[in-house]
Amino acid sequence: MQTGLQQEPVLLRNTGNGRYKAITPQGGAYFRTGHIGRGVALGDLDNDGRTDLVISHLNEPVAVLHNQAGVGNHWLGIELAGKNHRDLVGARVVIEANGRSWTRFVKGGASYLSSSDRRLLFGIGQAERVDRVTVFWPDREEQRWDFKAKPIDRYWRLVEAAPEPLPQKKQDSRSRPSPP
C-alpha cells in the first residue's frame, strides 16, 4: 500500500574529496520503492570491512541491507575497550598510512530507536599497511600503537593502557551475527 508519507531512499558514495555522488540505482531492489523509515543501525555484520545497514520502518518489516560493494581496497577495524568498562563516547582514533591520516570518533547515539556497531571502520584505499594508530581517550590521555607489522583487513581491539593491540578472531562470513 503506497501512502503519501513514503520516501524513496538515497544511496551516496563518498568520493574522497568532501563530495558525494548519488549511486542509488546500484543499491538494489530496496532502493527502487518508497518506505516510511524510522531508524537505521550501521554495522559490519559479517566482519568483511564493509558497513551493512539494518533499517526499521513503519508498517513494514525490518530490512537488512548487506553491503556487497566491490573489493580491492583495504580497511582496518578498531574496537576500543576502556579502563573499568567506562564509556568511551568522545574518544578519538587517528590512523596513519602512506602519509595520510584518517580520524573517527566514538559516538553515543545515532538514529531513532537504533544502536549501531561501536567498532570504528577505516577505509584506507590502496595502503598495504597502517603505520600507527593513536587513541585520544575521553580523559584526554593519548596512547599510540605501532602497526607497521600488523595485518590489515581485519579488526583489532585496543585496550586502554595495554601495550599491544589484540587481534580479533576472524569470523566466517557465512555465519552472520545478529544485527547490532
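**The sheet and its surroundings**

Guide: Three strands form an open sheet in the order S3-S4-S5, and their pairing is antiparallel. Strands here are DSSP runs of E with at least two residues, numbered from the N terminus, and two of them count as paired if DSSP finds at least two bridges between them. In general, the strands of a sheet pair through backbone hydrogen bonds, in a parallel or an antiparallel sense. The edges are taken by strand S3 (37-43) and strand S5 (63-65); each has a single partner strand, so one side of each lacks a neighbour in the sheet. On average, and with direction ignored, neighbouring strands of this sheet are turned by 20° against each other; the axes are lines fitted to C-alpha atoms, with angles between N-to-C directions running from 0 to 180 degrees.

The model is a predicted one, in which local features need pLDDT of at least 70 and side-chain atom pairs count only at pLDDT 80 or more, while totals for chains, interfaces and linings use all residues. Residues are numbered from 1 along each chain as its sequence is written, and side-chain values use heavy atoms, with hydrogens and water left out. The pLDDT, the predictor's confidence in each residue from 0 to 100, averages 90 over the protein chain, and 92% of the residues score at least 70. Residues 172-180, by contrast, stay under 50.

Within the sheet, six bridges join S3 to strand S4 (residues 52-57) in the antiparallel sense, and Val40 stands opposite Ile55 of S4. The loop between S3 and S4 holds Asn47, which has a positive phi of about 55° although it is not a glycine. Asn47 counts as buried because its relative accessibility is 15%; buried means under 20% relative accessible area, exposed over 50%, and partly exposed in between (1.4 Å probe, protein chains only).

Glu160, in the loop between S12 and strand S13 (166-167), counts as buried because its relative accessibility is 7%. The side chains of Glu160 and Arg86 are joined by a polar contact of 2.5 Å, that is, a pair of N or O atoms within 3.5 Å; within protein, one must be able to donate a hydrogen and the other to accept it, and residues adjacent in sequence count only if both atoms are side-chain atoms. Leaving aside neighbours within four places in sequence, Glu160 is in contact with residues including Ala81, Trp137 and Gln143, where contact means heavy atoms within 4.5 Å.

Methods: Helix = DSSP H or I, 4+ residues; strand = E, 2+ residues; numbered from the N terminus.
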